[in-house]
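Please look at the sequence and structure shown here before reading on.

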Amino acid sequence: MTSQLRVPVAELLRRPGSHRELSIHVDVDGWATSDAAVRGPVDIQLQLESVVSGLEVTGSLEAGWQGSCRRCLEPIEQTVQQELREMFSTAPADEETYPIQDGEVDLTPMVRDCLVLALPIAPLCSEDCVGPAPDDYPMNQPEPSPEDRPKDPRWAALDALRTGK
């Protein structure tokens, strides 16, 4: 996979203002958040443009992902689409710029960052998902009043001071 995402750019860098379009179809596995993971191929459509400070990369990514619904725990398989605009530089000064090394760029970190950040943090199969057994575990239960809550025996001495008993 890394070889498909390594792109030679030396010729582009010699001519500021020039550009190149890339269309890459690559399989990835193992890129995930705690509740969702990228599965199958990633379609990458990019335009690389040489600028004075390095290389500007714009485009879009599309990939399938799977996870579990946070309410009903049923499996979910959906697609994520993400637009991107990133900078590559031969001397990156901060963590927001990706490096250009030996006349080529490795798109792997950029693609991984973009896809993983686009994955849902807490996936839902649908907005009106009611959970695994709504009759057994209703979601919107009223909070019991303080008088109805069972007393903790460890606080009995303080309760006696408060009530004077």
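Buried means under 20% relative accessible area, exposed over 50%, and partly exposed in between (1.4 Å probe, protein chains only).

## Basis

The model is predicted: local features need pLDDT of at least 70, side-chain atom pairs count only at pLDDT 80 or more, and totals for chains, interfaces and linings use all residues. Residues are numbered from 1 along each chain as its sequence is written, and side-chain values use heavy atoms, with hydrogens and water left out.

## Cysteines

A disulfide is a pair of cysteine sulfur atoms within 2.5 Å. By this rule there are zero disulfides. For Cys72, the nearest cysteine sulfur belongs to Cys69, 3.6 Å away. Cys72 is buried, at 14% relative accessibility.

Cys125 is also in no disulfide; the sulfur of Cys129 is the nearest, 3.7 Å away. Cys125 is partly exposed, because its relative accessibility is 35%.

## Salt bridges

A salt bridge is a side-chain nitrogen of Lys or Arg within 4 Å of a carboxyl oxygen of Asp or Glu. The whole structure has five of them.

One joins Glu56 to Arg85, with the closest N and O atoms 2.6 Å apart. This pair links distant parts of the chain, 29 residues apart: Glu56 lies in strand S4 (residues 54-68) and Arg85 in strand S5 (residues 75-89), strands being DSSP runs of E, at least two residues, numbered from the N terminus. Glu56 is buried at 14%, whereas Arg85 is exposed at 61% relative accessible area.

Another pairs Asp152 with Arg154 (2.6 Å, N to O). Arg154 counts as exposed because its relative accessibility is 73%.

Methods: Helix = DSSP H or I, 4+ residues; strand = E, 2+ residues; numbered from the N terminus.
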